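Subject: Structure handover

Hi,

Here is the structure I promised you. Please open it alongside this email; my notes follow below.

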Amino acid sequence: MPGRTVEVRVPATSANLGPGFDTLGLALSMYDELEVTALEPGTYEIEVSGSGAEEIARDPSNLVVRSIAHVFADAGIAMPGIRLVARNGVPHGRGLGSSGAAVAAGVLAAKGLLEGIVELDDEALLRLATELEGHPDNVAPALFGGLTIAWTGERGPQHKKLLVHRGVSPLVLVPGYTMSTKAARSLQPQHVPSEDAVFNVSRSALLIAALTQSPDVLLDATDDRLHQDYRAPAMPETNRLVRALRAEGFAAVVSGAGPSVLVLCDGPGSRLDAVRIAETATDTPWIPQMVAVDVRGGTVRERAEGSSSQS
Ligand code: HSE
């Protein structure tokens, strides 16, 4: 296997989508692109450019490398050395699944490097990625694309992929600062009122209908009582923008653990109206990203012999 190179591409993801805490996720058309080469054991060469490049580890503690190592350990195969060239297009630390993308990329790279030695099916990929990420709602859409419902059953993490109604146009509003998922999760209470649990069950069920058949009910369907209010003190500007957009009828939610905002618009024109609101609703500048739903998910392919890396 040393000498084998694989090329991997993984999309950004937005988890939760309002009521679907730790369950629902959407793949979005922003990508991390990686080339991974197996080297002799113990050698690591890591180059990173793009989002988060200044903070990302260049040693075996790198999350992509750790994810590759996890798959090799699970398969009982000695870990090779790794050359990793990563071009990151997924905004880092902004609630758009950058860690899920790194984990999905590592798992897919390992699948490619182990091709012909160990076969990894979709269920194994999701299990391995969820073991690293802790929850499956970002890694499922990063691996499989589209809208995913993820849950843990008797056989471990599972997913169902759905295609989103073409009338839904996602807009992401990204601030200049980051939010740690760990810090956001530390604000979650151990117990919630049963009426809030029922509220989210109804909205999550409705959200599946809204995203696949009836975008007209997206505003009600994206309401949440299980996480956004608890986390609002840690990201007041995000909370202000979500409220301002929802007051104007836009289906706006915190993207993942924040601080970005995802708006599920009913057409490209209404995305411009949402951007105009974002320009004045808070003191924070928001970078608008008019994205599409990625339907393909993460991909891996072996680099053909003789072809070279392009930068
Ligand atoms: N469901 C996760 C959370 C997504 O909101 O904490 C972020 O990783």
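The shell around the ligand divides into three nonpolar, five polar and four charged residues. Keep in mind that this is a predicted model.

Who is in the shell? Its residues are A15, N16, F21, D22, H135, D137, N138, T181, R185, R231, G256 and A257.

For N16, the distance from a polar side-chain atom to a ligand oxygen is 2.8 Å. For N138, the corresponding distance to an oxygen atom of the ligand is 3.3 Å. On its own, the ligand has 260 Å² of accessible area, and the protein covers 96% of it.

Where does the ligand sit? The space it takes is the largest pocket.

Now the domains. The assignment gives two entries: domain 1 (5-162 + 294-310) and domain 2 (169-290). The C-alpha centres of domain 1 and domain 2 are 25 Å apart. Their contact takes 23 residues from domain 1 and 35 residues from domain 2.

How does this tie back to the ligand? Both domains contribute to its shell: at least three residues come from domain 1, and at least three from domain 2.

Over to you.

Best wishes

How values were computed:
Residues are numbered from 1 along each chain as its sequence is written. This is a predicted model: local features need pLDDT of at least 70, side-chain atom pairs count only at pLDDT 80 or more; totals for chains, interfaces and linings use all residues. Side-chain values use heavy atoms; hydrogens and water are left out. A residue is near a molecule or strand if one of its heavy atoms lies within 4 Å of it. A polar contact is a pair of N or O atoms within 3.5 Å; within protein, one must be able to donate a hydrogen and the other to accept it, and residues adjacent in sequence count only if both atoms are side-chain atoms. Accessible areas come from the Shrake-Rupley method with a 1.4 Å probe; for residues, only the protein chains shown count as cover. On a 1 Å grid over the protein atoms alone, a cavity is a set of points where a 1.4 Å probe fits but cannot get out, and a pocket is an open set with protein on both sides within 12 Å along at least five of seven lines; lining residues have an atom within 4 Å of a point. A molecule sits in a cavity or pocket if more than half of its atoms lie within 2 Å of its grid points. Ala, Val, Leu, Ile, Met, Phe, Trp, Tyr, Cys and Pro count as nonpolar, Asp, Glu, Lys and Arg as charged, and the others, Gly among them, as polar. Domain bounds come from an automatic or database domain assignment. Contact means heavy atoms within 4.5 Å.
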